[in-house]
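Please read the following report alongside the sequence and the coordinates.

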Amino acid sequence: MPGSEQARNLFTVKGRILLSCALLAAASCHPAVLAGQAFGRYKLDVWRAQDGVRLAFASNLVQTRDGYLWLSSESGVTRFDGVRFKVFDGSNTPALQGRPRLQTVPLLEDGDGVLWIGTDVGLLAYSDGTMRPAALNATFKIDQVNAATADAKGTVWAVTRSGRVFSIPRGGGLHEVAGTVVSYASSSLSVDPTGDVWIAAGRDAVYRVHHDSLSTVTFPADILVDAPNRAYATADGSVWFGTPTAILHWRHGRVRRFSLPTRHTLGAVSCIAAAPDGALWIGTHGAGLYRFDGRRFASFTSRDGLSDDRVIDILPDKSGNIWVATRDGLNRFRPVPFDVFTTRTGLPTELPGGMIRDPSGTFWLAPPTGGLFRGRIEAGRASFTIAEAVRNYDRVTALAHGQRGSVWAGRLLGSVNRFAGQGDAERPFAAGLPPVTEMHEDPDGTLWVGTWRGLFRLGHGRRDSLTTHDGLPDDFIHRIYRDSKGTLWIATQTGIVRAVGDDERRFEEQPMPPGGALRAEVLFEAPKGTLWLGSAEGLVRVTGGTPVHLTMAQGLPENWVGAGDEDGLGHVWLGQLGGLARVSLADLTAVADGRVPALTTATSYEALDGLPGGDPGAWPHPWSFRDAGGTLWFAMGHGIVFVDPTRVEQNIRPPALHLEEIVVDGAPVPTRARITLGPGVRRLELRYTGVDLTSGPGVRFRYRLDGFDTTWTDAGTQRIASFTRLAAGHYRFRVAGRAANGGWSHGEAGVDITVLAPIYRRAWFIASTCLLLGLALWSVHRAVLRTRTAAIHDERSRLAREIHDSLLQGFGGIALQLHAASVRLALPASQQPLLDRVLSLIDRTLTQARNVVWDIRQPGTESAELAPACEEAGRRIFADSSTAFRVALRGRPRLRSRVDTECLRIVEEALTNVRKHAEAANAMVDLDYRWRELVLTIRDDGAGFASDAAVRQDGHWGVLGMRERANRIGASLVLSSRPGSGTVFVLVVPYRRGLRNRL
């Protein structure tokens, strides 16, 4: 998070306060308190208000397993993720609606992950983003539950302000425990490692719950016990009790009393907690904080930066932070892996400048404001004296180690002095030089001095000046360094060279990577044999491999590198603007060799991590070193940092990732594992967080939307992802995070998203549309077919009429004339057969022509139904005859078109045969439309015939023709007839075949 945003979100006391400074001594009248006793390496951050949340009267701190910190504030029950505070009230929590002044206090998280919240109407339970009533009791309105814990069985034990004790079994229900003493001295409770619950509620009101049985705890008579109202069980089986004047240690029935320091204020114990190092942190009602290590008390009050001396609760979190709630804000004591020394702890100046330490352990400081100081740093304190007073227009610009423990000091006006012994300066070793920028003394006593105008070699009675004529790239000397192989390196304004030859009077330029940094701020080896150059433009590997230039593009936290040292544990520490950076040496080498594209282990430490801040300059120099014990020292802009690499946390806890809110077109929707969005959604916002109570503002995020993104999007510290007008489909949103000083978390937060397509793009709509379109095309096709069929029918009818009216009438007239001639003419017997043959030919021709006319006309198609068409055919055929004819119909007609026509032709053929051959008195047609088929029966009571004789006679259609028509429509025709018993035709027409014929 940028500094400006931190300033808005984090109210700190005097910027940030490092608690490695000495604390105020306790009252001198109490021998147990030692003056100058420190709390240890903690940095204090204070919040009083943020994001509209007032943190006054903060109390009851609870950290849940998802990483969040819960507390009660003036605004209501509040959740903190390390950056943002969120208040749960009636505006966003249905269980709290209609209760604007409801007092809510977080109590504990049970074994099922349920957060219990005390109110003045009862207990609420929060889990899976939902708050619900859990145990209501009207008496809580005047006697609210203020503490709770859970035993090994999952039973929740709660105590009210007056000392009443309640139990809530895992299955539910609220039960008040009888036998407790009502007291108004406040109360608390704690569970020990064995599962026993200890309750403190005032004088004679200390209880122990063992196997669901409550008993009163009795203290020895010789121990002063004045109303214990705080109980805290530690991991070693001890139980600590807080009273108005002391803390009591209970272990295996033995009690020890430790009196609190005397204060002229209300110093009664308000809370107790154990830090990860085993020390007790003790809050009071008006005397601030105490830290007790088992022997001594150290105090910390509002004078030292605490938000208020009225402490309400203390919580050590899972990352080692100590959270302190007071009446006027929330405090975080964050452990830092550094010791920092500033003017508060004895430095002679706020700006240390150049720094070295001689073999005796004496530190030498050359501030950029002038002067030279020598002193010691030990036991958390610094003590310095003036080795050289501030000189007008002159100051020390370079320090270097000399022989026999001496120290060299070079100045802006060109003089060089050596300090030895008690720190007294010898007479100037050299004078009249250009401004000194760097120095180095060889074992043989040769002193190399870099200046603005060349390199000088002093010693053995000689003073040699080396310039560009001797191979230097230019005369502005930045750094001088002799590596582990004995090679002398000189870095100038425009390049770096190494000395060659036995006399080292000539220099050879070292190749540098194209576009690489040239202006050296520091030269160092890591490991031995590999020389690195740090500059304002990045880090350059000079030897030990192919020269390469590394910058922020390759994963450096910052380009500017002004110091570099190997810590002996496989890491390189870099001094950078505003802080320090640590990177694995193996990782650095792999990137330099081109085996991996970027650093993955770079960790940065800044003011947020307890560093003093400020940017060091290029001169005075040097400002870092590693001592014989492996400790690293850095002179930062506003203080000196002591780094013990063994104490730096190696495995940084990744942030706990959560998807907190989903907003669709500006309206929040319930956060679930899967959401469905309508087709009209224009904007989707997903608001996530990475809970990190140590360095929340430094948490970085990356996210991707599977199905939309092909790579991860680096979101930096931004905690919101937005997408507009997503296409229909299935997506999965994933977000990963990493702590400011750690790697990417393996766990992710995510949600499955389904975006519905518009109605016109959905499968069922497309299928329905295709079906309707198909039906429309089929209807058009049918209409075209009907039109064409009607036209064809009209044409065939016209042809039939023409044939009937012309050809058949003509042939009929010829036949009549020939018959008349045959009767009138008496032809000889030899000629009569010839005439009979002609008449027979004419008769056959007329019969064939009549059949053709019937086929052309298709009279059945003119009728909408088969039954009326059959009646019409019967009347026509049996006209002028004595045969009675009728049609019977059962069921709903279901066949039309060609199937009906073929059926009608069969009926006409059968009825015609009845008229010509049967001499029947009655004939009928029976139409039975059944579920799957039509059964058409034609019967008469005429002469009948033998069934095996049912063949086509010359000139007439017989049974064969009827069967051919039946086969054409997939029907079956059965004939039943005997001479003298009439004839029955049964035609069975299945509908499915009829449907295919219709299509």
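A contact here means heavy atoms within 4.5 Å. On that basis, residues 24 or more positions apart account for 52% of the contacts in the protein chain with a separation of 6 or more. The model is a predicted one, in which local features need pLDDT of at least 70 and side-chain atom pairs count only at pLDDT 80 or more, whereas totals for chains, interfaces and linings use all residues. Residues are numbered from 1 along each chain as its sequence is written, and side-chain values use heavy atoms, with hydrogens and water left out.

The protein chain has eight helices and 73 strands, where helices (H or I, at least four residues) and strands (E, at least two) are DSSP runs numbered from the N terminus. Of the 999 residues in the protein chain, 52% are buried, a term that stands for under 20% relative accessible area, with exposed meaning over 50% and partly exposed the range in between (1.4 Å probe, protein chains only). The chain exposes about 46300 Å², of which carbon and sulfur atoms supply 52%; such areas come from the Shrake-Rupley method with a 1.4 Å probe, and for residues only the protein chains shown count as cover.

| Antiparallel strand pair | Bridges | Residues standing opposite |
|---|---|---|
| S14 (residues 156-160) and S15 (residues 165-168) | four | Val156 and Ile168 |
| S58 (residues 632-636) and S59 (residues 639-643) | five | Ala635 and Ile640 |

Helix H2 (residues 585-593) has Leu585, Asp587, Leu588, Ala590, Val591 and Ala592 buried, and the elements that cover these residues include strand S50 (531-535), strand S53 (563-566) and strand S55 (579-584). At the start of H2, a side-chain oxygen of Ser584 reaches to within 3.4 Å of the backbone nitrogen of Ala586, while just after the helix Gly594 takes a positive phi of about 85 degrees.

Leaving aside neighbours within four places in sequence, Val989 is in contact with residues including Leu895, Val899, Cys903 and Ile969.

Thr754 lies in strand S68 (residues 749-755) and counts as buried, at 11% relative accessibility. Its side chain joins that of His730 in a polar contact of 3.1 Å, the term denoting a pair of N or O atoms within 3.5 Å in which, within protein, one must be able to donate a hydrogen and the other to accept it, and for which residues adjacent in sequence count only if both atoms are side-chain atoms. Not counting residues up to four places away in sequence, Thr754 also touches residues including Arg674, Leu677 and Gly729.

Note on methods:
Pairing = 2+ DSSP bridges.
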